[in-house]
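Reader: I have a new structure to read. Where do I start?

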Amino acid sequence: MELSLSKTKEAKKLNVTVQYLVFADLCALNYSEEDAYAIAYPENESLSQQQNKSIRDNIVQSAKFKKLFEERRQRIKQGAAAAVSLDEVELVGTEEVLKEILRSAKQQPIGSKERADLYAKYNDIKKESEQVAEDETDAISFYFPAKCNQCPLLYAYNEEMKKCKDEKGNIIRPVEMGRVIKLSHKIIQAAKDAEE
């Protein structure tokens, strides 16, 4: 198993093998010892179950592993706590960002490159926010029903067609309209020919 260079360097810094580090990390993430061992040491898969258990137990019971495991578990807990605190952070709006950039720009010496860069950044963000506002007002939304029989246009058409009845008083269904139009076209054309 070959891991990233950063993981390899970290293992070297801690004076352990990469597999040892992976095993400790997986155990700290609440993997069972058996699963973590199987992932960290895939080359030992060919060994007997008893040999694997013996190797695993020796690793888990060593003081070095216990210390590494505790460090990894504390690191994970701290990461979880940091993630919770990040969720509590309130996002800053565009207006507040623009004010902060403008405030920082005014604190820079007149004619400095930093001041010019901040004003340029201010203008870029302001144009972007105005363009987004324009785009939002121009948006037209369309939706298509999942099935034809759910289409509001079909409902309206059917309601109108309920008013349409043939000479016997039967309602003409929308699916029959193509046939009705063809028939009526022939009748209308015959009436026009008779008038002439």
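Reader: Is Asn15 buried or exposed?

Author: This is a predicted model, so keep that in mind throughout. Asn15 is exposed, and its relative accessible area is 58%. The cut-off for exposed is over 50%.

Reader: Where does Asn15 sit in the chain?

Author: Asn15 is in the loop between helix H1 (5–13) and H2. Look at its backbone too. Asn15 is not a glycine, yet it has a positive phi of about 60°.

Reader: What is the relative accessible area of Asn30?

Author: It is 71% for Asn30, so this residue is exposed.

Reader: Now the helices. How do I describe two that pack together?

Author: Two values describe a packed pair: the angle between the helix axes and the distance between those axes. Take helix H2 (residues 18–28) and helix H3 (residues 33–40) here. They pack at an angle of about 150°. Their axes are 9 Å apart.

Reader: Why is H2 called roughly antiparallel to H3?

Author: The angle decides that. Angles over 145 degrees count as roughly antiparallel, so the angle of this pair makes H2 roughly antiparallel to H3.

Reader: Is the crossing of H2 and H3 left-handed or right-handed?

Author: H2 and H3 make a right-handed crossing.

Reader: Which residues make the contact?

Author: Take one helix at a time. H2 supplies Gln19, Val22, Phe23, Leu26 and Cys27. H3 supplies Glu33, Ala36, Tyr37, Ile39 and Ala40.

Reader: How many of the residues in the contact of H2 with H3 are nonpolar, polar and charged?

Author: Eight are nonpolar, one is polar and one is charged.

Reader: Let me step back to the whole chain. How many helices and strands does it have?

Author: Count nine helices and zero strands. Along the sequence, the pattern reads α-α-α-α-α-α-α-α-α.

Reader: What share of the chain is buried?

Author: Buried residues are 19% of the 196 residues in the chain. The chain exposes about 16000 Å². Carbon and sulfur atoms supply 55% of that area.

Reader: What share of the contacts joins residues 24 or more positions apart?

Author: Count the contacts in the chain with a separation of 6 or more. Residues 24 or more positions apart account for 38% of them.

Notes
Residues are numbered from 1 along each chain as its sequence is written. This is a predicted model: local features need pLDDT of at least 70, side-chain atom pairs count only at pLDDT 80 or more; totals for chains, interfaces and linings use all residues. Side-chain values use heavy atoms; hydrogens and water are left out. Axes are lines fitted to C-alpha atoms, for helices over the stretch in contact, and angles run from 0 to 180 degrees between N-to-C directions. Helices (H or I, at least four residues) and strands (E, at least two) are DSSP runs, numbered from the N terminus. Angles under 35 degrees count as roughly parallel, over 145 as roughly antiparallel, 65 to 115 as roughly perpendicular and the rest as oblique. A crossing is left-handed if the near helix is turned anticlockwise from the far one by less than a right angle, and right-handed if clockwise. Contact means heavy atoms within 4.5 Å. Ala, Val, Leu, Ile, Met, Phe, Trp, Tyr, Cys and Pro count as nonpolar, Asp, Glu, Lys and Arg as charged, and the others, Gly among them, as polar. Buried means under 20% relative accessible area, exposed over 50%, partly exposed in between (1.4 Å probe, protein chains only). Accessible areas come from the Shrake-Rupley method with a 1.4 Å probe; for residues, only the protein chains shown count as cover.
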